[in-house]
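I opened my notebook to look up a few things in this structure. Here is what I wrote down, entry by entry.

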Protein chains: 2
Amino acid sequence: MHSEDPRREAGPQGKEEMPAMTAQKDAPVTNCGDTEAGTVTASDRRRFLKGTLVAGSAAASLVGLAGNHVSVARAQGLQSSAGAGARKHYHIPASDQTVHWGYFSKSLPPVVEVESGDFVTIETLTHHANDDAARMIQGDPGAESVYHWDGSKKNVDRRGAGPMDASLFGRGAGEGLGVHICTGPVAVRGAEPGDVLEVRILDVAPRPCANPQHLGKSFGSNAAAWWGFHYKDLLEEPKPREVITIYEVDAAGVTSWARAVYNFRWVPQKDPFGVVHEIIDYPGVPVDHTVVQENHGILKNVRIPIRPHFGVIGLAPAEAEIVDSIPPSYTGGNIDDWRIGKGATAYYPVAVPGALLSVGDPHASQGDSELCGTAIECSLTGTFQLILHKNASLAGTALENLQYPLLETQEDWVVHGFSFANYLAELGPDAQSAIYGKSSIDLAMRDAFRKMRRFLMDTQGLSEDEAISLMSVGVDFGITQVVDGNWGVHAILKKSLFAGAA
Amino acid sequence: MHSEDPRREAGPQGKEEMPAMTAQKDAPVTNCGDTEAGTVTASDRRRFLKGTLVAGSAAASLVGLAGNHVSVARAQGLQSSAGAGARKHYHIPASDQTVHWGYFSKSLPPVVEVESGDFVTIETLTHHANDDAARMIQGDPGAESVYHWDGSKKNVDRRGAGPMDASLFGRGAGEGLGVHICTGPVAVRGAEPGDVLEVRILDVAPRPCANPQHLGKSFGSNAAAWWGFHYKDLLEEPKPREVITIYEVDAAGVTSWARAVYNFRWVPQKDPFGVVHEIIDYPGVPVDHTVVQENHGILKNVRIPIRPHFGVIGLAPAEAEIVDSIPPSYTGGNIDDWRIGKGATAYYPVAVPGALLSVGDPHASQGDSELCGTAIECSLTGTFQLILHKNASLAGTALENLQYPLLETQEDWVVHGFSFANYLAELGPDAQSAIYGKSSIDLAMRDAFRKMRRFLMDTQGLSEDEAISLMSVGVDFGITQVVDGNWGVHAILKKSLFAGAA
């Protein structure tokens, strides 16, 4: 049903056929409110959910969290277009009915529609869980439903934005042109292009391992893969090689660090449909642990401070029907900034009706640059509050004309620059393949500079000269990632710079 | 006496004539010890100073500072090659006799020779002080002696590594090919190529303004200049333009932030020898404030957190007789990392006998990237302890085979990557001009990756696979600067990663 590679066919004017959703099973989406709690089925998707009032202790707790969350939008008096009043709280479990794997699309029917101001708890799964199924899938019904793949059936067939018949590389449906398991999309009622969606990240928690052998732990995988910055620049033999390191995290959050459990070198893996994957070229291929050599006792005594965050939070772009989940762009997506975690608020320009928010690529920790290609890829559950800011309400605010993903933390504003700010529009019909050959940190630095200058001029009323001096003496530019096709540089502006304002 | 442009003539085999020091006045270098305090004259330079014991309260205070300073070298039992025992404390004031302007040279006679373990207080002057002489020079004998320039005499004639007869561009002696006022060099007795010099930064303080009109303040200048990342990418007219912003810092350190006083656009300035500088092409040109338009009331309510540090701390390189001070390299120099401040320890590979340490380019604050070309350039005085590690003592330690500047703070190790790790050796005879056309952040990221991998493998005993995974999940890569010819990326490794070691 999807025979063309969107990288070659789907430019801004691409007319891709969408993956059919009809084959999917009923998708349960729980409304957490006491009064009308219920579930929704896949066939309900187009009707959109009617939620209920948040009530009871969970709701009170959420309102408390949100109340502590002072965003720039709130400080400027911006508030939900829905106004004050009733708030609903939805829970979207991760299942084969609630995820899309490896792509964004403006044509995906939402799993739920919420009102501005509502809360959503979203379960996300790492697309590296099959690197060690015993630790990251086994016994977990949600993960098992997403990952189910035997000789006759693969629950989530499409993985990536490529052709469904694997006519391009023969890797599998979707061709792995895009890798992230994304939960959603969530539609926000009334959202239209030109609006801004504020996403408050109220809570983030690791998904506990369901295998009784590992009670109380969560696990993640770090793949030093062929798309990493290091891959063609190795010292030791064999060259090149891909190495997967499994990390362990305390699910209860008592210890704030991860530690390595073991690593192994990737060797060719035959998937249940019989395709042999010489390298890590398709997401979710089950690793056969009888054929890999596990090296335990590695990174002894090393503790990685955890920074739980979502590599992917993004809205559906307008430029193409189906978009590879790997390169980040103006509507967010795979930004891979570890600052996009608990307590942070992200703002995204809405590009399509309903906004269509998806969340995925959960990380327990990542360093700036994500050097080897991945972070500690670890399933997480997040609770979000979604606030819609209508275009008409934005004049004179910090969000007016926002054309890129903006992050706000307690201390900072973070602007995300990319090699190409909107690669889908800038690189033409071949954008989705061209982006992989054109990135550089220099270009991303250029974009981050321009965005931060604009932010300072527009939101702080600075002249260009003031903005440029301030950037040189008080703004820090860092390397977000060099592995996602569209490379990233972030600029960090401390709010305390403006503490002198009465 | 120096008729050739070292950028064109002085490669690794360059045979440059050195600037004569004989015309200089007596240079006072005070030994702070109670027992044999004294001064040294320029003609003493080649004889080297004999210092005295540190004694009295100042010495006790210094020893206390040093005692709080736990470096990796100390933790590994490395100590001064001089062993425990007597320590001397020197004070090097900034004067026309103690500075060299715009270049490093292995042939510069040192202003003082110290023993490993000795303390040195070094006054440094910003090369932007003449942007506002009333605030940064007037009434300050040291600054006045360095900056003195009238129609008949310029106390420090050479500014930069270019020809003394200005035959290349006609800007002035040294041609401004290199801009930093560097105090030193300080020789360390017994230092030889292959050794490592540890520089402990014990204290850093702003130099108070000597003008009674501004008592209690220090001032700095930020120049958004033609070498800035922004210069060809401006929004507002006139384009292009250079803008200088004067900042004020509390000299007593009661407030921890700087604020802008005013800015002005650079207009052509005629120097005392009659050369007109259309742009900021030669350091130390006095700005005539009757011809610039001061804009006060800028950056209102903005407070820049101060990060006092030295843009330049470096040893003389071996590859050329005279080396432009702008591009950083393997012996340090103009790294422009704000982390090189109080409490930090830097390690440099020694390239020439005596090591020949110079310090300059003092900054009150800088953001990562130093976007517009400069920081808040503000004169500072630093107190350092210098520890020589002989090559033979380094086997098996973190400093073995150190080939780049390494920084250590209380929390982190910081490795500095450059577009070219040793551009003087890598780019051949034209290195000093070629470097300005070849830099990129991508290259600097490559170098930082390689250095951090080496550091993890050599000092933590990690395999290459362990090092690469750890870098991706726990090491942050940031953009040090994009304005110094040889661009920089730093990698930050938290010591707490290894907290699990008993």
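**Entry: chain A in outline**

I kept in mind that this is a predicted model. I began with the secondary structure of chain A, which comes to nine helices and 26 strands. Next I looked up burial, and 66% of the 502 residues of chain A count as buried. I also checked how far along the sequence the contacts reach. Among contacts in chain A between residues at least 6 apart, 76% join residues at least 24 apart.

**Entry: aromatic pairs**

How many aromatic pairs does the structure hold over all chains? I found 20. I picked W149(B) and F273(B) to look at: their ring centres are 5.6 Å apart and their planes stand at 80°. Over 60 degrees counts as edge-to-face, so that is what I call the pair of W149(B) and F273(B).

This pair links distant parts of the chain, 124 residues apart. W149(B) is in the loop between α5 and β7 of chain B, while F273(B) is in the loop between β12 and β13.

In chain A I wrote down an aromatic cluster made of W149(A), F273(A) and Y282(A).

**Entry: charges over rings**

Which ring does the charged end of R446(B) sit over? I found the ring of F229(A), with the charged end 3.9 Å from its centre. Within chain B, the charged end of K495(B) sits over the ring of W413(B), 5.8 Å from the centre.

**Entry: a glutamine in a strand**

I looked up Q385(B), which lies in strand β22 of chain B, residues 380-389. Q385(B) counts as buried, at 5% relative accessibility. What does its side chain reach? I found the backbone oxygen of G117(B), at 2.9 Å.

**Entry: where the two chains meet**

I turned to the contact between the chains, which takes 69 residues from chain B and 69 residues from chain A. Together the chains bury about 5700 Å² between them, and 56% of that is on carbon and sulfur atoms.

I then counted the links across the contact. There are 10 salt bridges between chain B and chain A. One that I looked at joins R450(B) to D233(A), with the closest N and O atoms 2.9 Å apart. I also noted 45 residue pairs in polar contact between the two chains.

Which elements of chain B supply at least two residues each to the side that touches chain A? My list is β9, β10, β15, α8, α9, β25 and β26.

**Entry: a closer look at α9(B)**

How many of the 11 residues of α9(B) are buried? I found 11 of the 11, so this helix is largely enclosed by the rest of the structure. The buried residues include E464(B), D465(B) and E466(B), and also I468(B), L470(B) and V473(B).

Methods
Residues are numbered from 1 along each chain as its sequence is written. Chains are lettered from A and ligands numbered from 1 in the order in which they are written. This is a predicted model: local features need pLDDT of at least 70, side-chain atom pairs count only at pLDDT 80 or more; totals for chains, interfaces and linings use all residues. Side-chain values use heavy atoms; hydrogens and water are left out. Rings of Phe, Tyr and Trp (its six-membered ring) pair if their centres lie within 6.5 Å; planes under 30 degrees apart count as stacked, over 60 as edge-to-face and the rest as tilted. Helices (H or I, at least four residues) and strands (E, at least two) are DSSP runs, numbered from the N terminus. A charge sits over a ring if NZ of Lys or CZ of Arg is within 6 Å of the ring centre and within 35 degrees of the ring normal. Buried means under 20% relative accessible area, exposed over 50%, partly exposed in between (1.4 Å probe, protein chains only). A polar contact is a pair of N or O atoms within 3.5 Å; within protein, one must be able to donate a hydrogen and the other to accept it, and residues adjacent in sequence count only if both atoms are side-chain atoms. Contact means heavy atoms within 4.5 Å. Buried area is the accessible area (1.4 Å probe) that two parts lose on being put together, summed over both. A salt bridge is a side-chain nitrogen of Lys or Arg within 4 Å of a carboxyl oxygen of Asp or Glu.
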